[in-house]
Amino acid sequence: MSPSLPGLGFLLLVGWQVASATSPGTYLCSSSPVNEPAVCASVKSVSQEMLLEVARGQASPCSLTFGQYACAQSAWLQDLQDNFLISLYSCLTPKPASAMDPEYSILFFSKYDAKKLVAALTTFSQRFSHGPLSLEWNMIFINGLWEKMLQVPDIDSPPVLSQWVHEGLQPFLVEPKVFACLHDKNVLCETFQMIVAALNGIYSDLPVEEQRNLYAGIKYYLIQDGSNQKCYSAAVPGLNSTAWFENYLGSFLEHATVGDLQLFGDEPTLQKFARDPVNIQMISNLTLLRETAVYYTSLLTSGPGFSLSSLPDRFVCYLSPSAVSNLSRDDALSLAQRISENCPLNLKHRGITRERAPSSLTTEELQVASSLVRKFEHFPPAILRALGQAAVGLSISDIENSISDKDLEASIPALGEVRGWNTEQSSTIINKLLSSGYQIRDGQSLAKLGSLVAGINSSTLRSLSPEVVLEAIKLPEFVQQMVTLPSVLKMTFVEKISSSVDHPADLVKCIPDALASYIPKSLLVFGEEKPNIQDLNSKMWTREQAAIFFSDVIKTEPDFSRLSQSVLQGFTCAAANEMEAERFQELAKVMKKKNVKLGEDQLSCLVKMVTLHGIPQDLDNYPKDLLLFLSPSDYAATGSCRQYFANIGKANLDVLQRESSQRKQLLLEALACLKIPGTQVNEENAEILGHLVCDLGGEYIRSSGGNLLKQLSQCESFLPDQEEAIRGVISSGNTTFGPPVAWSAFILNELSGLIPVFDHSILQKIPKNVLTLWLKNYAHNSPLSREQLATIVEELLPTRHKRADGCPPDKQITEMVLNDDLMPIYYTPKELHACLKNVSLENHLSRILTYAFSVQQLAELKRNLDETYPDGYPDSLLPKLGPLISLITPEDVSKWKITSADTLAVLLKDQPSDDQASAVIKRYVDLGNALNATALKAIGTRYVCLLNATELNIIDSNSLKLASLDPSNCTQLTKNILYAKAKQAFSDQKYLSAYYNLVEPYLGGAPAVDLGALSKGNVNMNISTFSKLRRDSLLSLTPSEVQGLLGINLHDLQKWQNKSPIREWVQTQKQSELDKLHVGLTGGLQEGYMNIVTPKFQSQSAASLSAVAMTLQLLPALLITFLMTSVLS
């Protein structure tokens, strides 16, 4: 047997947990050899015949104990079938483990034939590959399996190791705690090197999670004795190889953080390792974590004697400005060419899956480009072509003063291929180009602009003929540029294209993918036209768009599995209600396979239709989110309550309102199902609860320590009690992440979802260099907002400010500083004010306002602009204000000339307060600008309620047709005006199935007669829309009209009958008529009573629109009153 085998067992079984002695469950582990006579002395013996009966299915596997199987003769066990391990596991897991079970495990598996065991493990793996195993029995099984594996000949060869680790043991490896199972073993470095080589041979076949677990084992071995330079000594033969990364990490280096590398050796030693030719060759083929790639590159380039020509191509993307500062012009151009060839914007890193935003070049990339550009004073076409991607380092001054008009036009093909231009650069180039006489005569001349097309303003684009745009979008290289365009330009392109395309099918076919989601809903109504399913499938739609053509699609496409996820998300009740039951079941199951995300109203409808004829027994074949509207008892025929809540934990819980009774009930039932008696939740149950952890109260978070942090970091928001509890747990340091003072940037990134909860007391404990490193390497891929990142910036600013009259000499604001997204941490607000003097911000504003400036720093930036432009900001500056809009006053706005709807859109994009938005909209309208489609899209649902009657009345119905507004939360007057305009806008589509989807957001202003007409159209109105109908209109509806409107949602009336205005509607109806609805409504008028309703007057006053109903007793009461009056008189 290879001498590496003991080391292999150690590596794979203690990898994850550093403190294996204290890890939960380690008492379930033992080591070979096992004293069989002693272990089996108290076990009742078993005959071969008894085992044969189990093997043939004549006796239950549960009829024998684990000890009896373990103590049976080896030859007898070979008769067991390949599925026996599944049966054995099912027999054992309901029982608590005993102290003898780890010994039994070693005995049992040691007697199994190796080939037969691999076959049995493969069957077991197929059964349990997607479900968590019992932690207790997982550790017991793997205790014996690993000891068996160590006895297998050639286990250190890649094919044999791959078969065991990857194929047979996958269900066990998904639980990291199993790596704490064996005691520490004394493994020599030479032996360990062989282990790493064997694991490296199967690295690419392993799932990422298994790679991480194994890397953790390697890391533990290399740092276990606390010394730096483990397995390296320059003076010891056999340990003096500087190819250390290759020898002891191999491909697992892909999972190493900077903090890990610094544990493996001091910086001089790491630099030796980094520069070793063997290591350089290896890392050329690896995809490192971004922070690790940057650090490795700095190790290579920071010292003398390393030529950039020796740098692997992919690492030129991580160079620092200092590494290129001393290059000659020729070397600079050579490096620029390598950068162009090897550094795409969607460069992938370990741990980062999403592509970077089109303009989000890192600080280092911008500074390196700027350094390369500064080698030149003038930029003829040859230089610009040679600079390639590095031309992104051109300053506004370079563009305006160092490139002639003629050279600029000649360089357009090269500049159009550069990625990552900021707004100022691209608009400066385009404006200079157009002012020098460049004309966009045809599609070719438009497409020639490439990435520079983002610099065209929308008015220029609108001036082009539609034919020019249609020709350009036929060119694939131009279509690629659509992705990077700002929203305003995307909408303008859609306007131009749709203005010359008459039919929806033609529009869908020719529209570039990146523009599809900007097509107005009303232009996607196919009517009598048959949609092209392939074209629809190829685009990404919004849910609202897909709902418009969903009915047309399911009537056209016989095979639902051919529909894309994007199309299927348009599911509507009305369309589904017209389908046969079998077809509907097929549709619902396809939505599960395609992982279609639906909204609350869609799911509410879907669950009604799925359960129309009873609860299906195969609920796992339907969308997971459907379970949010069912109960564990509904799921009983499909699986256990534990399985039910494991699915709920993975569902989109945010479909339900945070404080809704449904969510509260789900949590209570989950805690009961998992038998959590107190407030302490272990990690296994936390994994099952999943998103439900977000609803656990502060007492659970405090009692559970760090067990919940992984799930909590995925939550969207917290209640104050939860925030306080999270801070308490983090501050205690009693978690697997350790105290904040010991965190690395990688750990901080693991917890980045909790950063908004951290207060000053936590942030101040995190080392400042860690915060800085996180901002530098992780912030741009973080979901945190700019405001949330600013809280970290404030922690990095000095608390004591030196008094100074001017800008400190070492803090002058240069082009390099303006290109640095860490700029906010270099300046206190006072320093920023002092250093901004004599600095023109306009050409850098769009970029620097993406940085995480604090509110105080933003105020200084605004102060600088106010001092520069005392009479009001110029038009060109308004689209660049970004987060500064939150500091704008009505007085500021009164000085602006908002001359276009595009400017209005940009100003409202950053979601200013209602007061600020109202001032901006008013200024726009007061200057005589129209509330056209672009303006209405900019105003959107968020601000539509701010419009007054005068502004609403000037809206052209054709403009409303091209916008998507929802005024349901506005005043009744606003809803009345907009409904009338929407009805007119969509009047030509009134008899099509899409009409209801188009007009639904405006129905809060619809008169009763229009609602009565809709009730005949199978619209299946959801109850939330119904409850927001105009009060007098709703109260005028008859029960049959309500039934026609709600359709399959009629039963929701019973749940809402105690809420206004549905309560009042019920009270004004005859109970006998309500009973005909068969939904359990009570509280209507009994026979012998009459309902007198005051006349309804149409009025613009919301208060007077309510009908006042009085119920009087009929004839008996009137007669008594008459007689009493007669007698008394």
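**Asking why: loops and helix pairs**

Modeller: Let me start with Lys 675, which counts as exposed because its relative accessibility is 71%.

Colleague: What makes 71% enough for Lys 675 to be called exposed?

Modeller: Exposed means over 50% relative accessible area, buried under 20%, and partly exposed in between (1.4 Å probe, protein chains only). With 71%, Lys 675 is therefore exposed. This is a predicted model, where local features need pLDDT of at least 70, side-chain atom pairs count only at pLDDT 80 or more, and totals for chains, interfaces and linings use all residues. Residues are numbered from 1 along each chain as its sequence is written, and side-chain values use heavy atoms, leaving out hydrogens and water.

Colleague: Where does Lys 675 lie?

Modeller: In the loop between α41 (661-673) and α42 (683-689). Helices here are DSSP runs of H or I with at least four residues, numbered from the N terminus. The phi of Lys 675 is near 55 degrees, a positive value in a residue other than glycine.

Colleague: And Asn 1020, is that buried or exposed?

Modeller: Buried, because its relative accessibility is 5%. Asn 1020 lies in the loop between α62 (1008-1014) and α63 (1023-1027), and its phi, near 50 degrees, is positive too.

Colleague: Now to helices: why are α6 and α8 called oblique to each other?

Modeller: Helix α6 (residues 84-92) and helix α8 (residues 114-128) pack at about 60 degrees, with axes 8 Å apart. Angles under 35 degrees count as roughly parallel, 65 to 115 as roughly perpendicular, over 145 as roughly antiparallel, and the rest as oblique. So α6 and α8 are oblique.

Colleague: Which residues of α6 meet α8?

Modeller: Leu 85, Ile 86 and Tyr 89 do, and their partners in α8 include Leu 117, Phe 124 and Arg 127. Contact means heavy atoms within 4.5 Å.

Colleague: How are α48 and α49 packed?

Modeller: Helix α48 (residues 768-777) and helix α49 (residues 786-796) pack at an angle of about 145 degrees, and their axes are 10 Å apart. Among the residues that meet are Leu 771 and Trp 774 in α48, and Ile 792 and Leu 796 in α49.

Technical notes
Axes fitted to C-alpha atoms, helices over the stretch in contact; angles between N-to-C directions. Helix = DSSP H or I, 4+ residues; strand = E, 2+ residues; numbered from the N terminus.
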